[in-house]
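Trainee: I would like to learn how to read a structural model one feature at a time, beginning with the whole chain and ending with single side chains. Could you take me through one?

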Amino acid sequence: REEVVLTRLRIGHTRLTHTHLINPLLSAPPPCPHCSADHLTVEHIFSCPSLQSLRSSLQVPSSIAEALKNNADSVSLTLQYLQQSSLYSSI
């Protein structure tokens with residue numbers, strides 16, 4: 001499951017950010033569940049202002065490339081961040 005989540009984030013296509021393209025009942029991307037930003041993207045997941053304190057406390061790199069690189073420490077911090085922000089299960 002962790003590898004699936006990381007791969008989806010790395011390619012920029014997650015259930016959370018792209019369900020509206022598959023489901024004809026959804027006409028627009030969902031808003032951010034934390035700050036209600038209009039267009040939820042993978043980039044926004046790593047830059048959401050409402051999650052800044054969580055990212056800082058976990059020391060998740062601000063760069064998506066750094067957060068998702070194939071490094072055990074970065075991956076562990078990123079997965080903790082996603083779980084604590086309640087986004088993990090939606091990806």
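This is a predicted model: local features need pLDDT of at least 70, side-chain atom pairs count only at pLDDT 80 or more; totals for chains, interfaces and linings use all residues.

Mentor: We will go from confidence to overall form, and then to particular residues.

Trainee: What radius of gyration does the protein chain have, and what would a compact globule have?

Mentor: The value for the protein chain is 13 Å, which agrees with a compact globule, because a globule with 91 residues would have a radius of gyration near 12 Å. Taken along the principal axes, the C-alpha atoms fill a box of roughly 40 × 25 × 20 Å. Buried residues make up 37% of the 91 residues, and of the contacts with a separation of 6 or more, 45% are between residues 24 or more positions apart.

Trainee: Which residues in α2 are buried?

Mentor: In α2, the residues L16, T17, H18 and H20 are buried, and what covers the buried residues of this helix includes α3.

Trainee: How should I read a pair of aromatic rings, and how many aromatic pairs does the count come to?

Mentor: A pair of aromatic rings is described by two quantities, the distance of the centres and the angle of the planes. Here the count comes to one aromatic pair. That pair is formed by F46 and Y81, with 6.0 Å from centre to centre and 40 degrees between the planes, and it is tilted. The pair links distant parts of the chain, as F46 sits in the loop between α3 (42-45) and α4 (52-58), whereas Y81 belongs to helix α6 (residues 72-84), 35 residues apart. Both F46 and Y81 are buried.

Trainee: What lies over the face of Y88?

Mentor: R1 lies over the face of Y88, at 5.4 Å from the ring centre.

Trainee: Which side chains meet in a salt bridge, and why do they count as partly exposed?

Mentor: The structure holds one salt bridge, in which the side chains of K69 and E66 meet at 3.2 Å, N to O. K69 counts as partly exposed because its relative accessibility is 33%, and E66 counts as partly exposed because its relative accessibility is 38%.

Trainee: Where is S63, and why does it count as partly exposed?

Mentor: S63 is placed in the loop between α4 and α5 (64-67), and it counts as partly exposed because its relative accessibility is 32%. S63 and S47 are 16 residues apart along the chain, and their C-alpha atoms are separated by 8.9 Å.

Trainee: Which residues is Q84 in contact with, leaving aside its neighbours within four places in sequence?

Mentor: Q84, which lies in helix α6, is in contact with L54 and L58 once those neighbours are left aside. Between the C-alpha atoms of Q84 and P33, which are 51 residues apart along the chain, the separation is 13 Å.

Terms used. Residues are numbered from 1 along each chain as its sequence is written. Side-chain values use heavy atoms; hydrogens and water are left out. Rings of Phe, Tyr and Trp (its six-membered ring) pair if their centres lie within 6.5 Å; planes under 30 degrees apart count as stacked, over 60 as edge-to-face and the rest as tilted. Helices (H or I, at least four residues) and strands (E, at least two) are DSSP runs, numbered from the N terminus. Buried means under 20% relative accessible area, exposed over 50%, partly exposed in between (1.4 Å probe, protein chains only). A charge sits over a ring if NZ of Lys or CZ of Arg is within 6 Å of the ring centre and within 35 degrees of the ring normal. A salt bridge is a side-chain nitrogen of Lys or Arg within 4 Å of a carboxyl oxygen of Asp or Glu. The radius of gyration is taken over C-alpha atoms; the globule rule is 2.2 Å times the number of residues to the power 0.38. Contact means heavy atoms within 4.5 Å.
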